[in-house]
Structure formats: C-alpha cells, structure tokens
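Here is a short walk through one protein chain, written for someone opening it for the first time. Have a look at the sequence and the structure, then read on.

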Amino acid sequence: METVSHNDRETAYEVVDQGGDGPPICFVHGGGGSHEVWNGQHALADRYPIVTLDLSGHGQSDDVDASAGYTALSAYADDVLAVVDDTDSAVLVGNSLGGAVVLQILLEREFDPAAAVLTGTGARLGVLEDLLTWLDSDFERAVEFLHGPDRLFHDPDEKLRERSMAQMYDTGQTVTQRDFLTSHEFDVRDRLGEIDTPSLAVYGEHDQLTPPWFHEFLADEINACELAEIDDAAHLAMVEQPAAFNETVDEFLTAHVD
C-alpha cells in the first residue's frame, strides 16, 4: 500500500497497473469496507490503472475526528481527492456510501472526472431504523443482518460471506456506525440535475439495500447517465459477479472516455 498525506492524516491506497492505456480509475468502497472489496476489479488493470483506497478509519488509513453526516462525508471526499491527485485518476467508481462520496465530489468539488460509475447506491440512502439501532447496541446482529439473503450478497460462496463479515468486524463498530449514519443523512435528490459528468448507474438484480429503482432514479435525473443491471447479484455486485461488472464498466468507459 502507498500513502498520501493530507489534512493531518495519511490515506492508504493501492495501485494495480498492468500496462493498460486507459485512464486511471479510482474505486471508493462502502460502509464498513476497505479497498479489498475491489479485488475483483484488478482484472481490468490490463486496460486501466486500478486505484483502490481505504477511507479514513478503514483498512490501513488513519482515522479522522469527524461526526457522522456531512462532516464525515466531506472528510471522505478529501480522502478520495488526495488519492486522485496523487495518482492522476480520471474516473471515479463508488459503491454504497462510496457512491455518496462520488456524488458529493461531483456536486461540491472542483474535480471534474471524465466519467463516474455509481453502484449499489442512490441519491438518498436512508437506513432501516432497526439496523441503526443494532449498529449502536448489537453490532453482531447488524453484521448478520447485512449479510442476510439479497442484502450485501444474493447467493455468495460461504468463504466470500465470511471474508466480508471479517472485514466489517475489522473496521469496527464505531466507524461502521458512523458510515451508516452518514449514509442515512445523505440526500441529494433535488440536485442530480446539476451533474453533467458521463455516468453509469449499475445495480445488482436482487439488491434490497439499494433497490433497482434507486439507480433508475439516478439514470433519470442525472444528465447523460446510463443504467445497467448485473444478474444474480445484490448490493456488492462487483464482488459477487466481478466478470459481469467489469465488462459493464469497460463497455461504458470505452464508449464515453477517450
């Protein structure tokens, strides 16, 4: 892992580059995750340099003193932009909370990416009240709930499910709760028309956390936004069906990015 210093903290990131001549892509993970959620996208590295980061408090990155909501979201956007600047990334891909971070950048920051991919996310990311309660008082139950059928995964291999749960436990209750509270407060439904970056909204067929209609709304409201479905997948489509996800992203970038 490499690191970049900014705002009195170190953000860790990894670059996988197999000589592709496409634009570098920066991938942003979701709540309770880390850069490892994008390991299946390393297969794209023969066409694009692949950049994956750990947001503050996740993986190998320093944490940040930020309350849940806009403050944390802004700190995460700072993390992404520091890595973008260090790697010359030109495309942003965000999953779940990471999608909210990407939308925050598109709406409020000066960086103008060549394209954006939004997957397992939405313009509003309200979280079930029961889940918020469990994240506060029964973390084990929250993790089990998220790994139930058609939430993070549709029909995962048990080892895949176990790795995902271990990652969430490694991130820990405090940071994961902050992530989900930040998602819960996120709402840019009335601002999507301000975005003119070529965009792709990608959803898992069975995703109950951010259902297909979340992505249909993104495609309807964002200028020049396309829509794609990944079969036999839920919220983490890029993990559960990496080949189909990668092909979808590659086709979109080939069509829209020089």
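Let's settle one word before anything else: a residue is buried if its relative accessible area is under 20%, exposed if over 50%, and partly exposed in between, using a 1.4 Å probe and protein chains only. Strands and helices here are DSSP runs numbered from the N terminus, with at least two residues (E) for a strand and at least four (H or I) for a helix. This is a predicted model, in which local features need pLDDT of at least 70, side-chain atom pairs count only at pLDDT 80 or more, and totals for chains, interfaces and linings use all residues. Residues are numbered from 1 along each chain as its sequence is written, and side-chain values use heavy atoms, with hydrogens and water left out.

**The sheet**

Start with the sheet. Eight strands make up an open sheet with mixed pairing, in the order β1-β2-β4-β3-β5-β6-β7-β8. Two strands are said to pair if DSSP finds at least two bridges between them. At the edges sit β1 (2–6) and β8 (225–230), each of which pairs on one side only. On average, neighbouring strands are turned by 25 degrees against each other, direction ignored.

| Strands | Sense | Bridges |
|---|---|---|
| β3 (residues 25–28) and β4 (residues 50–53) | parallel | three |
| β3 and β5 | parallel | four |
| β5 (residues 91–95) and β6 | parallel | five |

I25 stands opposite I50 in β4, and C26 stands opposite L92 in β5. Moving on to β6, the bridge partner of G94 is L118.

**Two enclosed strands**

How many of the five residues of β5 are buried? Five of the five are, so β5 is largely enclosed by the rest of the structure. V91, V93 and N95 point one way from the strand, L92 and G94 point the other way, and all are buried.

V93 is worth a stop on the way. It lies in strand β5 and counts as buried because its relative accessibility is 0%. Contact means heavy atoms within 4.5 Å. Leaving out residues up to four places away in sequence, V93 touches I25, C26, F27, V28, W38, V102, V117 and F245. V93 and V249 are 156 residues apart in sequence, but 9.3 Å apart in space, C-alpha to C-alpha.

**Helices**

Now for the helices. Axes are lines fitted to C-alpha atoms, for helices over the stretch in contact, and angles run from 0 to 180 degrees between N-to-C directions. Helix α2 (residues 97–108) packs on the sheet, where it touches β3, β5 and β6, and its direction makes about 140 degrees with that of β5.

Helix α3 (residues 129–137) packs against helix α6 (residues 173–185) at an angle of about 155 degrees, their axes 9 Å apart. That makes α3 roughly antiparallel to α6, a label for angles over 145 degrees. E129, L131, L132, L135, D136 and S137 of α3 make the contact with Q173, T176, Q177, F180, L181 and H184 of α6. These residues divide into five nonpolar, five polar and two charged. For that count, Ala, Val, Leu, Ile, Met, Phe, Trp, Tyr, Cys and Pro are nonpolar, Asp, Glu, Lys and Arg are charged, and the others, Gly among them, are polar.

Helix α4 (residues 139–146) and helix α5 (residues 158–171) pack at an angle of about 145 degrees, with their axes 10 Å apart. Here F139, E140, V143, E144 and L146 in α4 meet R161, M165, M168 and Y169 in α5. The contact holds six nonpolar, no polar and three charged residues.

**Two loop residues**

Which way does D8 go, buried or exposed? D8 is exposed, with a relative accessible area of 87%. You'll find D8 in the loop between β1 and β2 (9–16), and its phi is near 65 degrees, a positive value in a residue other than glycine. D88 also has a positive phi, about 60 degrees, although it is not a glycine. D88 sits in the loop between α1 (70–87) and β5, and at 60% relative accessibility it counts as exposed.

Methods. Parallel < 35°, antiparallel > 145°, perpendicular 65-115°, else oblique.
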